[in-house]
Amino acid sequence: MIVSLNWNLSFELMCDASDFAVETVLGQKDGKNFHPIYFASKTLNPAQQKYTITEKELMAVVFAFDKFRSYLILSKTIVHTDHSALKHLFKKQDAKPRLIRWILLLQEFDIEIKDKKGTENVAADHLSRIDNNETSDDSEVDDNFPGETLMEINTRDEPWFADFANYLVGDIIPKGMTYQQKNKFFSDLKHYFWEEPYLFKVCSDGMIRRCVYGPETRTILDQCHHGPTGGHYGPNVTAKKVLDSGFYWPTIIKEAHTLVRLCEACQKTGNISKRDEMPLTNIQVCEIFDVWGIDFMGPFPKSHKFEYILVAVDYVSKWAEAQALPTNDARVVITFLKKLFCRFRMPKALISDRGTHFCNKIMEKTMKIY
């Protein structure tokens, strides 16, 4: 039989357990009429046959969601069962570990539990009693969901803020606390508030930050230290960037110190002080013909009364100007510079060896005029 699905309607499950099998019916309800889509049942192994009624009923629900996972993962599902205690099991805190594990497996689904009398649950109830190899196979119930090992209960990985979250959500007070511990717990609690699905803390600086734990803390530290916005800063600056990003956990600074200590790039750089730096020579930035270097060459053997050569070199282009002169006094320097300025405009600086022919009152007066 071909059944057309209406993805706008929620799916409904009718689940039931006999002494030796669990069964389920997947369907949709259009008005008052229930339209079956899929039937399934499984036999129980000897150990599972010894489970209590509540455990068998919950196993039937787990089996149904595992069997019809592709239909139910993104849809709201109404579960009809004739065991009224089942819907209260989701709120029970001291259930058996096996039941808690199953409940955690069902947390990824949008589920609504409804009581249904056995006389109204005839489809699933009938499957539990039918002796037909076509509807019931001989394989045992696999009550493990895919990837279940990633969802096992491990108290060692419990969030550091679990007690605060449990109290704010369910008024659950941690057991075994002394009088002093309880006073401190409620004193710290006033700084936290729950906003589904996160816990937030009002920190001492008045900022509200989201509480995080586990692998997420390492991801945040990595991004703040050497991510796109990081700069391999020290531990204190890295921790400040975490806080500025709106996250909080109690061991931020300790973990930041560990991260920086183990960062390969930071270790290669090390703590370089000015004592370890190489001496730097300032580079003067200038345009062409802005800065000239000037100096005398000679004295040479006289040639047509000339003994000296005055040379000027542009610092950028390395363009050189030279003139043969009979003497090396300030007068000939000024005459040379006037011609230079007319051809190449006024420079911003003249660099010399501070000889007397370059540093004197006449030169100083001439430079002020220009």
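Helices (H or I, at least four residues) and strands (E, at least two) are taken here as DSSP runs, numbered from the N terminus. The model is a predicted one, in which local features need pLDDT of at least 70 and side-chain atom pairs count only at pLDDT 80 or more, while totals for chains, interfaces and linings use all residues. Residues are numbered from 1 along each chain as its sequence is written, and side-chain values use heavy atoms, with hydrogens and water left out.

Most residues other than glycine have a negative phi, and most peptide bonds are trans. Phe289, in the loop between helix H12 (264-269) and strand S11, has a positive phi of about 65° although it is not a glycine. This residue is buried, with a relative accessible area of 17%, where buried means under 20% relative accessible area, exposed over 50%, and partly exposed in between (1.4 Å probe, protein chains only). His304, which lies in the loop between S11 and S12, also has a positive phi, near 55°, but His304 counts as exposed at 70% relative accessibility. The loop between strand S11 (291-297) and strand S12 (308-314) also holds Pro299, and the peptide bond that joins Gly298 to Pro299 is cis, with omega about 5°. Another cis peptide bond runs from Glu196 to Pro197, with omega near 5°, and Pro197 lies in the loop between S7 and S8.

Four strands, in the order S7-S8-S9-S10, form an open sheet with mixed pairing, two strands being paired if DSSP finds at least two bridges between them. At its edges are strand S7 (192-195) and strand S10 (247-248), each of which pairs on one side only. Strand S9 (residues 208-211) and S10 run parallel and are joined by two bridges, and Cys211 stands opposite Tyr248 in S10. Across S7 and strand S8 (198-202) lies helix H7 (residues 162-170), which runs at about 60° to S7; axes are lines fitted to C-alpha atoms, for helices over the stretch in contact, and angles run from 0 to 180 degrees between N-to-C directions.

If a disulfide is a pair of cysteine sulfur atoms within 2.5 Å, the count comes to zero disulfides. Cys203 is in no disulfide, and the nearest cysteine sulfur, that of Cys211, is 7.6 Å away. Cys203 is buried, with a relative accessible area of 11%, whereas Cys359 is partly exposed at 36% relative accessibility.

Two further helices show how side chains are placed. In helix H5 (residues 97-105) the buried residues are Leu99, Trp102, Ile103 and Leu105. Seen down the axis of H5, these buried residues fall within an arc of 160°, so they line one face of the helix; the arc is that of the directions from the helix axis to the C-beta atoms. An α-helix has 3.6 residues a turn, so residues three or four places apart point the same way.

Lys56, in helix H2 (residues 53-67), is buried, with a relative accessible area of 4%. The side chain of Lys56 reaches the backbone oxygen of Gln49 at 2.9 Å. Leaving aside neighbours within four places in sequence, Lys56 is in contact (heavy atoms within 4.5 Å) with Ala17, Ser18, Asp19, Val22, Leu44, Gln48, Gln49 and Tyr51.

How values were computed: A polar contact is a pair of N or O atoms within 3.5 Å; within protein, one must be able to donate a hydrogen and the other to accept it, and residues adjacent in sequence count only if both atoms are side-chain atoms.
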